[in-house]
Amino acid sequence: MPVLLLVIILGIVEGVTEYLPVSSTGHLILATELLGFKADQWALFNIAIQPGAILAIIVLYWRTFVDVLVGMWHRRPSAFAFVRNLIVAFIPAVVLGLSFGDAIELMLGNARIVAVSLILGGFAILLVEWWARPTDRGGVANVTLSHSIGIGLVQCLAMIPGVSRSGATILGAMAMGVDRKTAAEFSFFLAVPTLTGATALQLYKHGGAMQPGMGGWILLGSLVSFVVAVVVVKAFVSIIQRYGFAPFAWYRIIAGAVALVWLAAR
């Protein structure tokens, strides 16, 4: 397969899966292996195209970001609460990422870990959907400080490939009583500093080892992921409000089981 086609496919996979509770990293690893390439050699690329997905959130929610900036200028408590919640939720990922970065990177090429995580995560989603009773409503600024810390801690589970950053944060928030829409938007906004930090760290550590031409591939992959993510995020909130997360849970379980069978047979 031509490398250019792989770049486009991985950009589509990133855009589709980054904000769905199905694990973008896990799908990128499985897609790379399925298409005949080594996942560990493309791990840097898969992380480096995340800015496209980040930009999608900034574009889609630009009014929210502007309102927060204006609110901070005018010293509105809700604006400061919004920023505070995202900062405290972001800190655990920074601490664990810097402390255990090398161990985490070793898992980024392990497709079997991804498959098992997909299955376990699917059952976890079904459990939370059945058990959670949302009581905390009203947007990211109204999420309590303790819940924000809890969401940040749960997000760290996504350092295991296949767990899903968005899935962990959304389901973690719901388990703490946050309603579906607010939980999803909290996850979207938290992705901006989290994905930016992860991308910057990987490029700092491994940017010098990039293959010739990978810079152009990263730009193309980021552009593709941006366009696809804009479409997917628009649809995602309406889907979960109507159907919940169960469809994504069953998809994870089936996809993980198929991946395990494929990995065992190849």
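Which residues have the most contacts inside the largest nonpolar core? In this predicted model, that position is held by Tyr 19, Phe 188 and Phe 236, within a core of 46 residues. Two or more residues are given to this core by each of helix 4, helix 6 (77–107), helix 7 (111–131), helix 9 (165–175), helix 10 (180–206), helix 11 and helix 12 (246–265). Helix 11 gives the most, with ten residues.

Beyond its neighbours up to four places away in sequence, Tyr 19 touches both Phe 188 and Phe 236. Its other contacts include Ala 53, Ile 54 and Ile 57, as well as Arg 165, Ser 166, Ala 191, Leu 195, Ala 229 and Val 233. Apart from this core lies another, of 13 residues, among them Leu 6, Leu 28, Phe 37 and Ile 49.

Leu 6 is also one of the buried residues of helix 1, which include Val 7, Leu 10, Gly 11, Val 13, Glu 14, Gly 15 and Thr 17. The cover over these buried positions includes helix 2 (24–34), helix 3 (43–48), helix 4 (50–60) and helix 11 (214–243). Helix 1 comprises 15 residues (3–17); at 1.5 Å a residue it should span 21 Å, and its end C-alpha atoms are 21 Å apart, which agrees.

The side chain of Ser 148 makes a polar contact with the side chain of Asn 85, at 3.1 Å. Leaving aside residues up to four places away in sequence, Ser 148 touches Asn 85, Val 88, Ala 89, Val 143 and Phe 186.

Technical notes:
Residues numbered from 1 in each chain as written. Predicted model: local features only at pLDDT ≥ 70, side-chain atom pairs only at ≥ 80, totals over all residues. Heavy atoms only, no water. Polar contact = N/O pair within 3.5 Å; in protein donor to acceptor, adjacent residues only side chain to side chain. Contact = heavy atoms within 4.5 Å. Helix = DSSP H or I, 4+ residues; strand = E, 2+ residues; numbered from the N terminus. Expected span 1.5 Å × (residues − 1). Buried < 20%, exposed > 50% of the residue type's maximum accessible area, 1.4 Å probe, protein only. Core = buried A, V, L, I, M, F, W, Y, C linked by side-chain atoms within 4.5 Å.
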